[in-house]
Amino acid sequence: MINLQTYTISQLALRNGQDKPQVWVAYKGIIYDVSESRLWNDGKHYEHWAGQDLTGELKDAPHTKSVFEKFEIVGKLSK
Ligand code: HEM
């Protein structure tokens, strides 16, 4: 965790699958690259959008945080 690159909310916001091709999602301070997921095509996942901290929204999901396990961690969100 110590050597992870830090990104601001604004930098994360650009990786929303619209402004840039990357689809990144933050959960509990960690940023995951979900670009390879067809369930996040164009940055949209059901009613949720990438490029944000979605920590508070996981409670609306029919799944747990284990969905992040197979995705690469690209960095951490700056405080
Ligand atoms: C209305 C809310 C949501 C619905 C209905 C929903 C539904 C689903 C479904 C059906 C799957 C695939 C099956 C599974 O792994 O259980 C999935 C995967 C996933 N979800 Fe959600 N989800 C919701 C919210 C969220 C939120 C808020 C996040 C992020 C915090 C999220 C992140 C993910 C990720 C990363 C995957 C794995 C994608 C993959 O394996 O390609 N989901 N979701």
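Helices here are DSSP runs of H or I with at least four residues, and strands are DSSP runs of E with at least two, numbered from the N terminus. On that basis, the order along the sequence is β-α-β-β-β-β-β. That comes to one helix and six strands.

Before the details, two notes. This is a predicted model, where local features need pLDDT of at least 70, side-chain atom pairs count only at pLDDT 80 or more, and totals for chains, interfaces and linings use all residues. Numbering starts from 1 along each chain as its sequence is written.

Now the sheet. Four strands form an open sheet in the order E1-E6-E3-E2, and the pairing is mixed; two strands pair if DSSP finds at least two bridges between them. In general, strands of a sheet pair through backbone hydrogen bonds, parallel or antiparallel.

What joins E1 to strand E6? Two bridges do, and the two strands run parallel, with E6 covering residues 72-77. Tyrosine 7 has leucine 77 in E6 as its bridge partner.

Next, the chain as a whole. Its C-alpha trace spans about 30 × 25 × 20 Å along the principal axes. Of the 79 residues, 20% are buried, meaning that 20 or more other C-beta atoms, placed from the backbone, lie within 10 Å of the residue's own.

Last, contacts, which require C-beta atoms, placed from the backbone, within 7 Å. Among contacts with a separation of 6 or more, 68% are between residues 24 or more positions apart.

Technical notes: A residue is buried if 20 or more other C-beta atoms lie within 10 Å of its own, exposed if 12 or fewer, and partly exposed in between; C-beta atoms are placed from the backbone. Two residues are in contact if their C-beta atoms, placed from the backbone, lie within 7 Å.
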